[in-house]
Amino acid sequence: MRWLAEHEQRAWRRYLLMAGELAARMNRELTADAGISLADYDVLVHLTEAPQGRLRVSRLAHALSWEQSRLSHHVARMQRRGLVVREECAEDGRGALVVLTPQGRAVIERAAPAHVTFVREHVFDALTEAQVGALDAISAAVLARLATAAGNRPPLS
């Protein structure tokens, strides 16, 4: 067994603490400011970036790194709140699409400025340009390793 060196253990624990703290605070702020969760925000962001605000369920699940069952349950909750709808895929009749509603678009447009301000203030304003580059490179390397280990192609850079 190759245990973590002290500096690796410290870096790992700080990373876990940072990721958890950022996610918890973003979730609280999004809930207070826009009435949505961080998970809602993630779904809505992907849909706003998709052509006509629609994505296949399988593609959205992959983009979010979620199991399809998790996405299905989450989309059902979002659908009850009028943020998204599900449609059958006209191309093959087997797949389903998640589609952004006008209400969902209005919510993400209202939430995005405060969310970006949060990320800038708590992450990027605390880093130098070199640290941002290092963060990007580190993230890309770890994501590529995870994708390769799972038998998937590494994500695009």
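**Entry 1: a salt bridge**

I looked up arginine 81 and found its side chain paired with that of aspartate 40 in a salt bridge, 2.6 Å from N to O. The term asks for a side-chain nitrogen of Lys or Arg within 4 Å of a carboxyl oxygen of Asp or Glu. The pair joins distant parts of the chain, 41 residues apart: aspartate 40 sits in helix H2 (residues 38-49), arginine 81 in the loop between helix H4 (68-80) and strand S2 (84-88). I took helices (H or I, at least four residues) and strands (E, at least two) as DSSP runs numbered from the N terminus. By this rule the count comes to two salt bridges.

A note to keep in mind: this is a predicted model, where local features need pLDDT of at least 70, side-chain atom pairs count only at pLDDT 80 or more, and totals for chains, interfaces and linings use all residues. Residues are numbered from 1 along each chain as its sequence is written, and side-chain values use heavy atoms, with hydrogens and water left out.

**Entry 2: H1 against H5**

Next I checked helix H1 (residues 6-34) and helix H5 (residues 102-122), whose axes come within 10 Å and cross at roughly 145°. The axes are lines fitted to C-alpha atoms, for helices over the stretch in contact, and angles run from 0 to 180 degrees between N-to-C directions. Contact means heavy atoms within 4.5 Å; among the residues making it are Leu22 and Arg25 of H1 and Val107 and Arg110 of H5. I sorted the contact residues into nine nonpolar, two polar and four charged.

**Entry 3: the cavity**

How many cavities of 30 Å³ or more does the structure hold? I found one. A cavity is a set of points on a 1 Å grid over the protein atoms alone where a 1.4 Å probe fits but cannot get out, and lining residues have an atom within 4 Å of a point.

**Entry 4: the pockets**

Last, I turned to pockets, open sets with protein on both sides within 12 Å along at least five of seven lines. The largest pocket holds about 2,200 Å³. Of its 40 lining residues, Tyr15, Leu135, Ser139, Val142 and Leu143 lie nearest its centre. H1 gives the most to this lining, with 10 residues. The second largest pocket has about 390 Å³, and Ala50, Arg54, Leu55, Arg56 and Arg59 are the closest to its centre among 16 lining residues.

Conventions: Ala, Val, Leu, Ile, Met, Phe, Trp, Tyr, Cys and Pro count as nonpolar, Asp, Glu, Lys and Arg as charged, and the others, Gly among them, as polar. Grid points are joined across faces, edges and corners, and a volume is the space filled by probe spheres set on the points.
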